[in-house]
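Subject: Structure handover

Hello,

Here is the structure I promised to pass on. Please open it alongside this note.

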Amino acid sequence: MKRIQFILTFTLLSLFLLLHGCKQNKGGEEQYTGPLFAENIRTTGPLLPEEELQSLKVPEGFEIQLFASEPDIDKPMNMAFDAQGRMWVTQSFEYPFPKSPDVHGTDRLTILEDTNGDGRADKFTHVSDTLNIPIGVLPYHQGALTFSVPNLYQYSDGDQNDKPEAMKVLFGPFGFQDTHGMVSNFFRGYDGWVYACHGFTNFSSIAGTDGDSIKMSSGNTFRFRLDGSRVEQTTFGQVNPFGLAMDEYGYVYSTDSHSSPLYQLIRGGDYPHFNKLEIMAFGPDMKSFDNEATALCGIAYYQDNQFPADFQRNFFIGDAFNSRVHRYSWVWKGSSPAGKSEEDFVKSADPWFRPVNVKMGPDGALYVADFYNAIIGHYEVPLGHPKRDKKRGRIWRITYKGSFNKVANLASMTADELLPLLDADNQTTRMLAADQLADRVGSSAVSGLQSVLSNANTSPRQYMQALWVIFRLNSMDAATIQKALAHADPLVRVHALRVLREWKHDGTIFYPLIKAATKDPDAHVQRIATELLMSYPVMESVVTVLDVMRQTGQADTHLKYTTRLVLRNLMRHEDLMKQTRAKTWSESDEAAIAGTLIDVPSAEAALFLSSYLKTKSLAKEKTQLGYQQAIRFLPASQVDAFILQAKSTTLPDVDQETMKFRGLQEGLASRGGKGSPAIFESWGKEIAENLLKKYPAGYRPVSEEIFNQQKFALQLAGDYKARGKEESVRAFIDGSNKVHPELVATAFRAIFKMGSEQVYPLAGQYLGADSTGQELRKLVVAVLGEFPTAASLKVLAGITKAPPALETLVATALAGSAEGRKIIFDHVRSGQYMVRTLVDPRVEERIHINISKQQQKEYDELTANISPISEARQKLIDERLREFKKFKPTTIQLDSGQIVYGNNCGVCHRKTVQSGIGPQLHGIGKRGADAIAEKILDPNRNISEAFRNYTIKLKDGKVVTGLFRREQGAVVVFGDLTGKEFSIPKKDIVEQRASQYTIMPDHFGTTLSQHEFDLLLTYLLNW
């Protein structure tokens, strides 16, 4: 009896909790946000799938149900639907550690099927369980594609029993240095190609069987043929694109965690990345970041009528950090989509909810892959952290009032049954029907497709789908395209032009029609026609694209960018560039051409630019790039003449003159030469004098642009030993309490270069003075380390009993030479340096470059039995956070936090743009206090490969450090700790070694007081 009472009580309690959970689900917004969702390691425990369901909230009228969960699946990554309406899902137990490529993994590819139509998968077919972090998946007729480290594999299933009889490498190997951004998110376009993402920090070089290859570095998108015959890069850039979709016009959309949540990609376009310079221009986005975190995953474009009208043609994107699915509406501005954030589509009261993929099914439901986990961050938390969940994963299905399409088995349909589905409201169904006609039915479908085109009642949607299938079946003819180009509906005309871009056609017939289409009343038709001009490198195309450029309003950002992209690509044809240079242009057209030539690497383009720059100037922000490009690619015989011409051509002000000078310097370095030393020396001194006259020490108001000009002036004064300018340079040192520390340090460097020995004792005085700030001490020490003279070493050796951060910097400066290493070891033995200083990553790396066997022995003896540095750092983090919890911020203190940020972080980081050398920090507040504190106080614990420092040994024996940015001709460009770039000729580099530390300083534990730490952390938490 007691047992029955217990069971009854337990049942009633469970029912109460379940109902209480439902009530909470309808409660206030506070349950879907707050501290629990800002933690990199969620402190809550896991819920059962049924419990998690109660935590999920969708808009009124929508219903969410569990489609699948553990143990039937584990950690879902990508989803795709096949012609039978079944879902294919990749899952990864291995993530984030890949198996060695020669070892079978344990990850799975599974087919999920709802056989009884209740909206929940009840049949699970494991296609493979030996995969290695599989992300991308795409089933197709008699086969499937999946990415598994390190290759893109093709499975053959001729008998269609879901047990592949063969597997081969279609493309690969791909880079997998960073496993949270690899090859993923496959979809098939109207053209039959497969489109895919290539992820963050990975480098891949792959080729089709046609022998043509592409090289992708970090974030990019690409496409390939299903038979492996060809691969093409479709866009260049984005940091980590993880999601692709296509709309009815054939535009491709993506989401990127770090540059923009929503892009409509322009084929061949350049997009922002951390180490990518904007040359001609970056492609526009649809909207900037708002409340999204930098963990956006998957994108679905809803094209069906099962959702209410306001939700149709919306974009749905998973936010794996914020535990929600975002929704975006949009409007056309000409051919450009302008996105708008709507109320989030899925919210969760369970912080473990991790939506990593979103897909619209053929039933009209929206499916969300939930990588259910306490940890989602890749670099924010140690990859081997034990709380990374390895077994739980869910897929959710969302419908509106339970309404959905009946899913048909397209794989068994005849051509006559498939043709009407080309007009299905559901985009997934339409595309799968087209694939069946092209891949399975084949040429016997052509007559039916032609009947569709000849039927006056055929909808534009069905018409364009049929047009594409005819093309894919190699049955296209000129008459069919001509008819489509004259169609009354612009949707058909757009796709007729898109087919022309893919089809080898007769230019004599179609070029006049393409040219005429650039004046079409519909902006989309104009844009696609303009893109097609790239296929016709003739003067008439140049004239036409310039006409479109003039007539396009600024609001149509995508068409505006397309015109510039097309013009640039036309100019990359050498013969056409030569003709363009010989032709007389109007002033506006000449300026438009010149503006694109900064991204055309050819002698002819350089000759055009050099001629243009004789009498005209580029936009101020492009001046440096213009001169850099011209001097880099001019014929060698014209280099000196161009330098003389540039020197004699006076620009409006000294600022633009400086940009010209810098452009020439950098362009010459990139081509591996130095030009005329005498000219540059006299000119450099003149610019330094003029800049210091215009922006002397103490100049007000201070701006970033003025700061950069002052710094460059000081650099020039030192580089060219402008001894008559010592007084102007010394003014930055003497007025150091009113001058930015970096300028003071740069002034010291300039004076040292001038050969003034008496300044070394002055540096020592600054380092020893109580009034000298920590930042200035750090920078002056670094400068002294660049000049390992007896005088410099004496100053550095005199700095003892310094705070730990300064002591580490002094030791780093000393460690590059044998004499300096001796000083370090002597100071450790005498107790003037802490032993732990020797194992600081920066000090240790410097010490071990060119170390002798005897000094290595000394080092090993001194560092024996030192406990791991991580223990001390963790203790510091815990102490700082414990005190931070007592801090009560005010609005005024937020302003103070901004000042602390500006003084310590703002040089390298920006909030929402890519111009800083480090990542932009938009949304960092959502990471929570613990995660931000770890990044501030122990930045080397988990290093992103994109921000790893390099130690570079030079031929002259010097050792420098920097963040690798890019190769640029004959030089390698790095970034320094101040956020500025510097270049080193490749021929001067003896060794370039990846460091064990990031470029971010790790001294903030000592340089920031508890109060400053509290202010900074509060400020960042409010981002």
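Below is what was found in it, grouped by region.

Please keep in mind that this is a predicted model.

**The four-stranded sheet**

Start with the open sheet of 4 strands. Its order is β3-β4-β5-β6, and the pairing is antiparallel. The edges are β3 (76–81) and β6, each of which pairs on one side only. From one strand to the next, the twist averages 20°.

Strand β5 covers residues 107–113. Of its 7 residues, 6 are buried, so β5 is largely enclosed by the rest of the structure. The cut-off for buried is under 20% relative accessible area.

β5 has a partner on either side in the strand order. With β4 (residues 87–91), β5 forms 5 bridges in the antiparallel sense. Look for Thr90 here: its bridge partner in β5 is Leu109. With β6 (residues 123–131), β5 forms 6 bridges, again antiparallel. Ile111 stands opposite Thr125 of β6. Glu113 stands opposite Lys123, also in β6.

**A helix pair**

Next, go to α10 (residues 523–532) and α12 (residues 557–571). Their axes come within 9 Å and cross at roughly 15°. An angle under 35 degrees counts as roughly parallel, and α10 and α12 therefore run roughly parallel to each other. Their crossing is left-handed.

Which residues make the contact? From α10 come Gln526, Arg527, Thr530 and Glu531. From α12 come His558, Leu559, Thr562, Thr563 and Val566. By type, the contact residues divide into 2 nonpolar, 5 polar and 2 charged.

**Around α25**

Helix α25 spans residues 790–797. Its buried residues are Ala791, Ser792, Leu793, Val795 and Leu796. What do they pack against? Their neighbours are α23 (759–768), α24 (774–785), α26 (804–814) and α27 (818–829).

Thr789 sits in the loop between α24 and α25. Is Thr789 buried or partly exposed? Its relative accessible area is 29%, so Thr789 is partly exposed. Thr789 and Phe752 are 37 residues apart in sequence. In space, their C-alpha atoms are 10 Å apart.

**Backbone details**

Two cis peptide bonds deserve a look. One joins Gly172 and Pro173, with omega about 0°. Pro173 lies in the loop between β10 (166–171) and β11 (184–188). Another runs from Arg700 to Pro701, where omega is near 0°. Pro701 belongs to the loop between α19 (677–694) and α20 (704–719).

Two residues also have a positive phi. Arg313 is not a glycine, yet its phi is about 55°. Arg313 is in the loop between β20 (296–301) and β21 (315–319). Its relative accessibility is 33%, so Arg313 counts as partly exposed.

Lys401 is not a glycine either, and its phi is positive at about 50°. The loop that holds Lys401 lies between β26 (394–400) and α3 (415–418). Is Lys401 buried or exposed? At 58% relative accessibility, Lys401 counts as exposed. The cut-off for exposed is over 50%.

**Where to begin**

Then move to the left-handed crossing of α10 and α12. Finish with the loops that hold Pro173 and Pro701.

Best wishes

Conventions:
Residues are numbered from 1 along each chain as its sequence is written. This is a predicted model: local features need pLDDT of at least 70, side-chain atom pairs count only at pLDDT 80 or more; totals for chains, interfaces and linings use all residues. Side-chain values use heavy atoms; hydrogens and water are left out. Buried means under 20% relative accessible area, exposed over 50%, partly exposed in between (1.4 Å probe, protein chains only). Two strands pair if DSSP finds at least two bridges between them. Axes are lines fitted to C-alpha atoms, for helices over the stretch in contact, and angles run from 0 to 180 degrees between N-to-C directions. Angles under 35 degrees count as roughly parallel, over 145 as roughly antiparallel, 65 to 115 as roughly perpendicular and the rest as oblique. A crossing is left-handed if the near helix is turned anticlockwise from the far one by less than a right angle, and right-handed if clockwise. Contact means heavy atoms within 4.5 Å. Ala, Val, Leu, Ile, Met, Phe, Trp, Tyr, Cys and Pro count as nonpolar, Asp, Glu, Lys and Arg as charged, and the others, Gly among them, as polar.
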